[in-house]
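Hi everyone, thanks for coming along. Please take a look at the structure on the screen, and then I'll walk you through some parts of it.

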Amino acid sequence: MQTKAAFGPVAHAFCAAIVVACVSIAFGQQRQRFDGNSVLRVSVPDEASLQTVLKLTEDVWSHHVAPGGTIDVRITPEQRRAIDQAGLSYEVFIPDIEPLIEAQMVPPLREADFSGNYHTYAEIESFIDDAVANYPTFVQKVEFGETLQNRKMWGVRITGPTSPAFKPAVLYHGGQHAREWITVATCCYLIDHLLANYGTDPEITDLVDRVQWYILPIMNPDGYVYTWDVNRMWRKNRVPHSDGTYGTDNNRNWAEGWGLDNGSSGEPGADTYRGWAPFSEKESFAISRFINNHDNIRAYMDLHSYSQLVLWPWGYKSDLNPDNDTFNLVGQTMMNRLHATHGQTYVGGPTYTAIYPVSGGSIDWVYANHGILAYSIEERDRGQYGFLLPPEQIVPASEEVVSALMYLTWWVAPQIYIALPDGLPTPAPGDDTATFSVRMQDSGETAQPGSELIHYRTGPTGPFTAEPLTSLGGEMYEASIPIGCQPLTQFYVEATGDAGTTITLPRDFTAQVLTIENDQPLSAVATPAETWKCADSDLTITTTTAGSGPLTYQWQKDGQDIPGATDAVLNLHPVTASGFGAYALLVGDTCGNQLASNDVVVHEATVTFTEQPQSSRPCSGKNAWLEIATDPPEGAVTYQWYHNGVPISGATHDYLYVTDLGEDDGGDYYCIASIDCLHVSSDVATLDVQTVSLVEQPLSRCASTGDAVTFSVVAEGENLNYQWRKNGTAIPGESSPTLTINPVDAGDQAVYRVVVFTLPDVCVASSADASLLVDTCTTCWSRPGDMDGDSDLDLLDYAVIQACFAPQQPTRSGCECADIDGTGAVDAIDYELFTADLTGP
Ligand code: 0X9
Ligand code: ZN
């Protein structure tokens, strides 16, 4: 990330004094200085401290960023003060990065000792041109592509003059990330190393002769130039975005596993921005096209820094890739070589688990789309200098990486190129041999006639047996190995070349062999597992079987073979009384294995109800629940419920639930349980639905002291009981359909209602509220709708208004006061006016 604060007047004043550090470039931009910026390894014991650090700086250098560990960050002096204030503990890796940056850019030194220094884009192009000029017979300049800023992606192809039948290629590059300068330097070192030692070092001479080496030091030239001219800490390329930010991370832009938020970013300004589409970037697109066009590429290395890691696919998911054994074998040897050279420790593994999720990384695409052995090495160091590895370390760092690359190249470049052009054989169940073709191409040596062998064993352990391959003429051979009834067969192929080199496929047969899965285990499942049949009905037992070769079948009943029952399916037409019992299928394969299926138990059909539905007297509006149980239970038996003799649709379980009971729901219920030909009815249960309905409601009244008032209710239902309430409280002894108050006095002004219920099964109906107003209805009070003159609009008033409402009005006394709008009638408008006032603000 570019830190804007580092520009400005102070930085410009410095530029005048320190010419070297302020190279002006075409756009007039000057190199951003990092005076006083330091690199710290901060301890982040918890999420809060990690967030504190991440909020301070966007320039995070380290890989593992998780609470409980440490984080390497580049920070300004102000940010460092903030870290001090937050009380976080840290180690200072670089107190001031500016002098280190300058030391890496000093030109006189660069000219004196090429490999010991970092170089500009232009210097590397002349280095390539010099290599071509000095070794014209085996170095070619290769244009891998062109960038948005029209820079060429210059690299080389190095190979000796030999032309065997098959010459594998390798593609190694650096500089996918701009600031990882050591990777660029290592590629230059590799070019130099191959050229300088060709003809003297036999291993190098052989591999240069037999392999096409494609080496591209700077995959991301625009970003690389930017690190020299403007911002040493730049990572991405320099594509401009509409939001004013720059750069896409090429190593998040490849098409395999592209676009995941776990392992890349969709924010253009982010350091791991994935681009707007897979291969939207010219650099990643160019390399992918190059690989598509060169089908002999067998190994790929994408160099990065820093952390000292050897990484392989996958980066975008945690699964092991299908060739993880091979990746691990070669990866471990590379780690050993990296360590053996100068004692530096490198660790590694699949990217996702070894470091972190990487979505849209190069090695995933290269491996997934071409089966190429694709690695990424994170070069030196482990954080001390990070991206600013001092020039003194270029040679040792490159020596150890080149040692690993020599091994990777050796692994993919056998002198005889052995392949299975049709892949591994997939024998059909029961086959006793597997026959497949093998190709042996001269890749430096031709196979001596008779040395072509296949070594096999039937099983995962034990010694191998060798058989000669059958020559089909030219490069083609046929291999034939017994597979018999073994679950797996393992093999490797061998040939010895005319110069005496013995080659195997796989490359290291002591660590890895090829495996053919050749047998299906025997299995048999018979269905149904248990069944009930009527005597004289038909039964079919079906099976699912698997195993090697044609299978043999024998049915048994109660442990005895059934003569002639030797098909996979058993038909019993009909099941006779003697046919009830346990059936099983004995199945055998061509390998002599035998096993029995599960038992299928055939019972004579019977149904017994172990629980019967119960009659009841539920209240209307409530729910009713009927339940049955049978032996055998639901599953073996099917059910159908009936109501008054009519089947209820969908009622096919061992219960029946009738909701919101109405009068129509009363009547007889029963369930018919069926099994095969047998149908058995349950007991009949009667639902006697009880209803209480109020035909006439008590009505509100206006009365004078001394009057006699009667409230009454008319209800329908059986065995009715009555209970009168005054203002919600029961009035003792009032249990008839009428309530008489005689004589009325002021204390009787209240709201009355009656509750009507049945016994002994209680079903309840409650009447409407009726008000009794005493001596208050003769005047209409000032508040409209206030019938009793207490200035409130409450239940008492409401009941009167309701009672005055048509059709009873206006004859009822007091109703004239309920005519709120004065139209001469108590109607819906008065009712609305009353309730609006009641609920209004
Ligand atoms: O995150 C990356 O791109 C690499 N680390 S770096 O610090 N150099 O940026 C790791 C890339 C691993 N390679 C792939 N899985 N493609
Ligand atoms: Zn990188």
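**A walk through the model**

Let's begin with a helix: α14 covers residues 394-412, and at 1.5 Å a residue its 19 residues should span 27 Å, which agrees with the 27 Å between its end C-alpha atoms. The expected span here is 1.5 Å times one less than the number of residues in the helix. As for the names, helices (H or I, at least four residues) and strands (E, at least two) are DSSP runs, numbered from the N terminus.

A word on where this comes from: it is a predicted model, in which local features need pLDDT of at least 70 and side-chain atom pairs count only at pLDDT 80 or more, while totals for chains, interfaces and linings use all residues. Residues are numbered from 1 along each chain as its sequence is written, chains are lettered from A and ligands numbered from 1 in the order in which they are written, and side-chain values use heavy atoms, with hydrogens and water left out.

**The zinc ion**

Next, please find ligand 2. This zinc ion is coordinated by H177 (ND1), E180 (OE), E180 (OE) and H304 (ND1), at 1.9 to 2.3 Å. Donors are N, O and S atoms within 2.8 Å of the metal (3.2 Å for Na, K and Ca); water is not among the atoms, so sites may look incomplete. Along the sequence, the donor residues follow the spacing H-x2-E-x123-H. Here distant parts of the chain are linked: H177 is in the loop between β6 (169-173) and α7 (181-197), and H304 is in strand β8 (residues 297-305), 127 residues apart. Are H177 and H304 buried or exposed? Both are buried.

**A sheet and its aromatic rings**

Now for some strands. An open sheet of 4 strands runs in the order β12-β13-β17-β16, with antiparallel pairing. At its edges are β12 (416-419) and β16 (470-471), each pairing on one side only. Two strands pair if DSSP finds at least two bridges between them. Strand β13 (residues 433-442) and strand β17 (residues 476-482) run antiparallel and are joined by 7 bridges. Within β17, A479 is the bridge partner of F436.

F436 also brings us to the aromatic rings. Rings of Phe, Tyr and Trp (its six-membered ring) pair if their centres lie within 6.5 Å; planes under 30 degrees apart count as stacked, over 60 as edge-to-face and the rest as tilted. By this rule there are 34 aromatic pairs. In one of them, the ring centres of F436 and F491 are 5.2 Å apart and the planes are at 45°, so the pair is tilted. F436 and F491 are buried.

Another group to spot is the aromatic cluster formed by W312, W314, Y316, F327, Y367 and Y375. W314 is in the loop between β9 (309-312) and α11 (324-342), and the peptide bond from P313 to W314 is cis, with omega near 0°.

**Two side chains up close**

T504 lies in strand β19 (residues 502-505) and is buried, with a relative accessible area of 9%. Which backbone oxygens does the side chain of T504 reach? The oxygen of P506 lies 2.7 Å from a polar atom of that side chain, and the oxygen of R507 is reached at 3.2 Å.

Q104, in helix α4 (residues 97-104), is buried too, with a relative accessible area of 3%. The side chain of Q104 makes a polar contact with the side chain of R232 at 3.2 Å. A polar contact is a pair of N or O atoms within 3.5 Å; within protein, one must be able to donate a hydrogen and the other to accept it, and residues adjacent in sequence count only if both atoms are side-chain atoms.

Note on methods. Buried < 20%, exposed > 50% of the residue type's maximum accessible area, 1.4 Å probe, protein only.
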